[in-house]
Amino acid sequence: MASAFTHAFSAFALGSVLQTGKLRKGLILTGMLSAAMPDLDVIAFWLDIPYEHPLGHRGLTHSILFAAIWALGIGYLFWRNVDNRDRIRWRIWFYLFLCTASHGVLDAMTTGGRGVGFFIPLDNDRYFLPWRFIQVSPIRASAFFSEYGLKVLTNEFVTVWLPCMIVMIIVWMFRQWRKA
Ligand SMILES: [Zn+2]
């Protein structure tokens, strides 16, 4: 895992670049929570479900199928009555899908763990992306208050937050320029 803060921040950045906040109130916040949520699967460790099991850590909740279903469910729960003019319901779904799926993508760029089960339940193999530069984050929250925790947060700032902020600034500048 990358830390929950970093997953949530990526969803915030996505929302800002895609101007999702204009679609519906609370959508970006929901996207941020959706991006952090897949790591609730760490309860697998307490339930003695092995890492490699489809329900193990970085398994089903990190898959593309799960992201699609989660986005559908949350979109239906909160925004089912939205007028679908301009395909707004699909745009809401797409944003929530991207946020949830972004979790697995970031995890697949971390330096530790055993890869992400993107294709569960079709294929139980775990995958990494060819670029792995995000320091793997500790599972216990208390571990953040240590030297290693600080190292992880610093690394995530450089590898995720900074690039996201640069993209957000460029997009913002581009929009200002177009308005002018
Ligand atoms: Zn994760």
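I shall take the first helix by itself, and then turn to its crossing with a partner. Please bear in mind throughout that this is a predicted model.

Helix H1 covers residues 4–17. From first C-alpha to last, its 14 residues reach 20 Å, close to the 20 Å expected at 1.5 Å a residue. After the helix comes Gln19, with a positive phi near 55°.

The buried residues are Thr6, His7, Ala8, Phe9, Ser10, Ala11, Phe12, Ala13, Leu14 and Gly15. The elements covering them include helix H2, residues 27–36, together with H5 and helix H6, residues 147–179.

Let me now consider H5. In general, a pair of packed helices is described by the angle between the axes and the distance between them. Here, the axes of H1 and of H5, residues 88–107, come within 9 Å and cross at roughly 140°. An angle over 145 degrees would count as roughly antiparallel; H1 and H5 are therefore oblique to each other. The crossing in which H1 passes H5 is right-handed.

Which residues meet there? On the H1 side they are Thr6, His7, Ser10, Ala11, Leu14 and Gly15, and on the H5 side Tyr95, Leu98, Cys99, Ser102, His103 and Leu106. The residues of this contact divide into six nonpolar and six polar, with no charged residue.

Thank you; I welcome your questions.

How values were computed:
Residues are numbered from 1 along each chain as its sequence is written. This is a predicted model: local features need pLDDT of at least 70, side-chain atom pairs count only at pLDDT 80 or more; totals for chains, interfaces and linings use all residues. Axes are lines fitted to C-alpha atoms, for helices over the stretch in contact, and angles run from 0 to 180 degrees between N-to-C directions. Helices (H or I, at least four residues) and strands (E, at least two) are DSSP runs, numbered from the N terminus. Angles under 35 degrees count as roughly parallel, over 145 as roughly antiparallel, 65 to 115 as roughly perpendicular and the rest as oblique. A crossing is left-handed if the near helix is turned anticlockwise from the far one by less than a right angle, and right-handed if clockwise. Two residues are in contact if their C-beta atoms, placed from the backbone, lie within 7 Å. Ala, Val, Leu, Ile, Met, Phe, Trp, Tyr, Cys and Pro count as nonpolar, Asp, Glu, Lys and Arg as charged, and the others, Gly among them, as polar. The expected span of a helix is 1.5 Å times one less than its number of residues. A residue is buried if 20 or more other C-beta atoms lie within 10 Å of its own, exposed if 12 or fewer, and partly exposed in between; C-beta atoms are placed from the backbone.
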